[in-house]
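This briefing covers strand pairing, helix packing and the surroundings of selected residues. The sequence and structure come first.

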Amino acid sequence: MTPKHEKQEFVTVLVRDPRTQKEDSWHSYIDYEIFIHTNSMCFTRKTSCVRRRFREFVWLRQRLQSNAVLIQLPELPSKTPFFNMNNPHHVDHRRQGLQEFLEKILQNALLLSDSRLHLFLQTQLSPEDMEACVCGQTKYSVADAIHKFASLNRRFPIEDEEGKKREKRCRL
């Protein structure tokens, strides 16, 4: 029996603010803001806000499924060739599907123990960098990545020289 003054754990996730991003003159994509607010002991940071695109959700689902083969994961909204990023209904339907996917994932204790999920929700690391971090191939741990991201206002230092040059250009 728990005392009445103890609060029940909660995790609130919002997928919102779809934005069109241009990769080059021919290619663009939509990314979504993922906002987390929680009091759960499972999370390093109690609030976080990152931006992710659909293909990163696909990557996350594949990794979670490969690590939890006995769990039936929720589906992502279908990737249709008829998706029109200029159609607000299509964009909002996908946003709702991504939110429902995350809400269901965050209800499963086994999935909550996956470091990739936490890096996905609380850092802006790329899938490749998340994978390297989880496999111990970086100079930073998962917790370090999350703390560093929060302290750098949604940016994580890129360790390669090209990344350092990009960061320098961004500051100018």
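Is Ser 48 buried or exposed? Ser 48 has a relative accessible area of 10% and is therefore buried, where buried means under 20% relative accessible area, exposed over 50% and partly exposed in between, with a 1.4 Å probe and protein chains only. The model is predicted: local features need pLDDT of at least 70, side-chain atom pairs count only at pLDDT 80 or more, and totals for chains, interfaces and linings use all residues. Residues are numbered from 1 along each chain as its sequence is written, and side-chain values use heavy atoms, with hydrogens and water left out.

**The sheet**

- Three strands form an open sheet in the order β1-β2-β3, with antiparallel pairing; strands are DSSP runs of E with at least two residues, helices are runs of H or I with at least four, and both are numbered from the N terminus.
- β1 and β3 stand at the edges with a single partner strand each, so one side of each has no neighbour in the sheet.
- On average, neighbouring strands of this sheet are turned by 20° against each other, direction ignored.
- β1 (residues 11–22) pairs with β2 (residues 28–38) in the antiparallel sense over 10 bridges; strands pair if DSSP finds at least two bridges between them.
- A hairpin of five residues joins β1 to β2, and Tyr 29 in β2 is the bridge partner of Gln 21.
- The antiparallel pairing of β2 with β3 (residues 47–53) runs over seven bridges, and Thr 47 in β3 is the bridge partner of His 37.

- Ser 48 is placed in strand β3.
- A polar atom of the Ser 48 side chain lies 3.2 Å from the backbone oxygen of Leu 121.
- Not counting residues up to four places away in sequence, Ser 48 touches Ile 34, Phe 35, Ile 36, Leu 121 and Gln 122; contact means heavy atoms within 4.5 Å.
- Helix α4 (residues 115–122) lies across β2 and β3 and runs at about 90° to β3.

**Packing of α1 and α5**

- Two packed helices are described by the angle between their axes and the distance between the axes.
- α1 packs with helix α5 (residues 127–134) at an angle of about 30°, and their axes are 11 Å apart; axes are lines fitted to C-alpha atoms, for helices over the stretch in contact, and angles run from 0 to 180 degrees between N-to-C directions.
- α1 and α5 are therefore roughly parallel to each other, a term for angles under 35 degrees.
- Glu 56, Trp 59 and Arg 63 of α1 make the contact with Pro 127, Met 130 and Glu 131 of α5.
- The residues of this contact divide into three nonpolar, no polar and three charged; Ala, Val, Leu, Ile, Met, Phe, Trp, Tyr, Cys and Pro count as nonpolar, Asp, Glu, Lys and Arg as charged, and the others, Gly among them, as polar.

**Ser 66**

- Ser 66 lies in α1 (residues 54–67) and is partly exposed, with a relative accessible area of 47%.
- Its side chain reaches the backbone oxygen of Arg 63 at 2.9 Å.

**Glu 75**

- Glu 75 is in the loop between α1 and α2 (88–105) and is exposed, with a relative accessible area of 57%.
- The side chains of Glu 75 and Arg 61 make a polar contact at 3.2 Å; such a contact is a pair of N or O atoms within 3.5 Å, where within protein one must be able to donate a hydrogen and the other to accept it, and residues adjacent in sequence count only if both atoms are side-chain atoms.
- Glu 75 touches Arg 61 and Phe 101, not counting residues up to four places away in sequence.
- Glu 75 and Lys 104 are 29 residues apart along the chain, with 9.7 Å between their C-alpha atoms.

How values were computed. Angles under 35 degrees count as roughly parallel, over 145 as roughly antiparallel, 65 to 115 as roughly perpendicular and the rest as oblique.
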